[in-house]
Amino acid sequence: MAADSETPVDGRSFAAAQSFVLGTKLFWTREMFPALRADFDRKAEAKGVSPETPEEVAGLIGDTTLYRYFAWLERHLQRFKYSGRYGIHPYHAQDRAALEARLDPATLPDGLLELDPDLDLPKYFTRVDIHQHPGGIWSDDIAGYVYERGARTTTPLSGMKHRDLHDRLVEAVEERGGAPGRLLDMGCGFGKSTEPFAERFRDSEVIGVDIAAPCLKLAARNAADGQRRNLRYLQRDAAKTGLEAESVDCVTSTMLLHEMPPKAIGAAFDEARRVLKPGGRMVHLDFWTLPDAFARFIHYGHSRRNNEPYMPPWAEMDVAAVLEEKGFTDIEVTPFEESDGALDPANRAWRFPWTLISAVRAG
Ligand SMILES: C[S@@+](CC[C@H](N)C(=O)[O-])C[C@H]1O[C@@H](n2cnc3c(N)ncnc32)[C@H](O)[C@@H]1O
């Protein structure tokens with residue numbers, strides 16, 4: 001029987017379509033990106049120029065067929081991943097009733113999840129469908145599931161090792177003496193960044209805050225299924241967590257800051273300082289270090305194509321100066337190796353500019 005648009009998409013067809021998207025994204029990552037860089041280097045050398053701004057890079061390669069394919073694929077593979085007949089969103093919507101039943105807060109242990117239906121969601125957050133996720137990650141109850149499935153291929157090169165990135169952050173926190181009594185993970189999403197802390201620091205109280213209720217519901221569901229007892233999730237803005245002043249030993253975030261406009265980032269840093277005990281450490285993992293104009297051209301293009309408009313102002317923020325001004329010391333801003341060999345100069349493949357930002361609350 002021929003499938004029509006009314007026929008539900010079966011698991012195999014969905015998996016095949018998603019695997020096509022991932023395979024093409026890997027080609028984009030490993031083949032197209034290095035070819036683009038080589039083309040840029042060749043053109044710059046031929047013209048005897050060293051571009052210093054993204055606009056100058058655009059002047060050299062912005063109109064080439066290679067760049068246009070590169071940009072088109074980045075935009076449309078992501079769209080195909082989430083939307084259309086084989087997209088993650090419609091596929092999960094087929095099972096809406098069952099998924100929503102799993103997320104019912106009444107089925108969770110007391111105290112694990114605290115939602116705030118009156119929370120004012122910031123406009124910067126609701127105004128765009130971030131990551132091209134239809135409706136964003138906040139407007140639909142099943143958005144947590146959709147985001148969880150989508151996140152498996154956010155960094156295509158590490159593939160299923162993506163989780164590894166979060167474990168590496170736990171190690172980095174620990175290496176910097178952040179074995180905490182109480183840890184706050186800002187922008188915890190569906191708990192992917194929070195769970196590894198709860199797993200590693202079993203005697204700590206780990207608190208994840210986020211503004212997106214659908215993600216928090218899934219985070220709490222997963223924590224309940226995994227019998228986690230040292231973890232809880234609160235629907236709060238990173239700028240206003242409601243936690244007591246000087247009550248937290250360590251504040252973390254993963255992939256939060258680049259999603260916020262500079263004012264909101266400043267407010268989150270202020271809140272981190274307020275809740276941290278004197279001497280407490282804050283560690284953020286985000287995209288920040290852009291070594292040259294070509295890297296900025298690519299990253300700012302990604303920002304437009306993936307609906308993440310605040311990447312450029314964040315990358316241009318003098319983060320060390322801001323942290324110092326806000327009362328932090330022992331400030332470290334350093335490239336972060338998200339998977340083995342990622343920072344090796346021989347690695348020519350596309351990657352996010354992962355950066356670790358660590359600072360201590362001055363007394
Ligand atoms: C890219 S996700 C990262 C999620 C998670 N940390 C991880 O590593 O998978 C960014 C998260 O930040 C959240 N977020 C954005 N603005 C926020 C704010 N002002 N306060 C708290 N969370 C926020 C979003 O809802 C989203 O879940």
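Select Gln132 to begin: in this predicted model, Gln132 lies in the loop between helix 6 and helix 7. Its phi is near 65°, a positive value in a residue other than glycine. Most residues other than glycine have a negative phi. Gln132 has a relative accessible area of 8%, so it is buried, the cut-off for buried being under 20%.

His131 belongs to the loop between helix 6 (123-126) and helix 7 (143-151). The phi of His131 is also positive, near 60°, and again the residue is not glycine. Its relative accessibility is 10%, and His131 therefore counts as buried.

Next, display the ligand and the residues around it. The shell holds 21 residues, and those that come nearest are Tyr124, Gly187, Ser193, Asp210 and Ala238. Colour the shell by class: eleven residues are nonpolar, five are polar and five are charged.

- Asp210: here the ligand contributes an oxygen atom, 2.6 Å from an N or O atom in the side chain.

How much of the ligand's accessible area does the protein cover? On its own the ligand has 600 Å² of accessible area, and the protein covers 99% of this. Hide the ligand and show the cavities: the largest cavity is the space that the ligand takes.

Move to Leu113, in strand 1 (residues 113-114). Is Leu113 buried or exposed? Its relative accessibility is 16%, so Leu113 counts as buried. Select Arg221 as well and draw a line between the two C-alpha atoms. The line spans 9.1 Å, while Leu113 and Arg221 are 108 residues apart in sequence.

The last stop is Ala321, in helix 14 (residues 319-325). Ala321 has a relative accessible area of 34% and is therefore partly exposed, a class that runs between the 20% cut-off for buried and the 50% cut-off for exposed. Draw another C-alpha line, this time from Ala321 to Leu343. These two residues are 22 residues apart along the chain, and their C-alpha atoms are separated by 25 Å.

Conventions. Residues are numbered from 1 along each chain as its sequence is written. This is a predicted model: local features need pLDDT of at least 70, side-chain atom pairs count only at pLDDT 80 or more; totals for chains, interfaces and linings use all residues. Side-chain values use heavy atoms; hydrogens and water are left out. A residue is near a molecule or strand if one of its heavy atoms lies within 4 Å of it. A polar contact is a pair of N or O atoms within 3.5 Å; within protein, one must be able to donate a hydrogen and the other to accept it, and residues adjacent in sequence count only if both atoms are side-chain atoms. Accessible areas come from the Shrake-Rupley method with a 1.4 Å probe; for residues, only the protein chains shown count as cover. On a 1 Å grid over the protein atoms alone, a cavity is a set of points where a 1.4 Å probe fits but cannot get out, and a pocket is an open set with protein on both sides within 12 Å along at least five of seven lines; lining residues have an atom within 4 Å of a point. A molecule sits in a cavity or pocket if more than half of its atoms lie within 2 Å of its grid points. Ala, Val, Leu, Ile, Met, Phe, Trp, Tyr, Cys and Pro count as nonpolar, Asp, Glu, Lys and Arg as charged, and the others, Gly among them, as polar. Helices (H or I, at least four residues) and strands (E, at least two) are DSSP runs, numbered from the N terminus. Buried means under 20% relative accessible area, exposed over 50%, partly exposed in between (1.4 Å probe, protein chains only).
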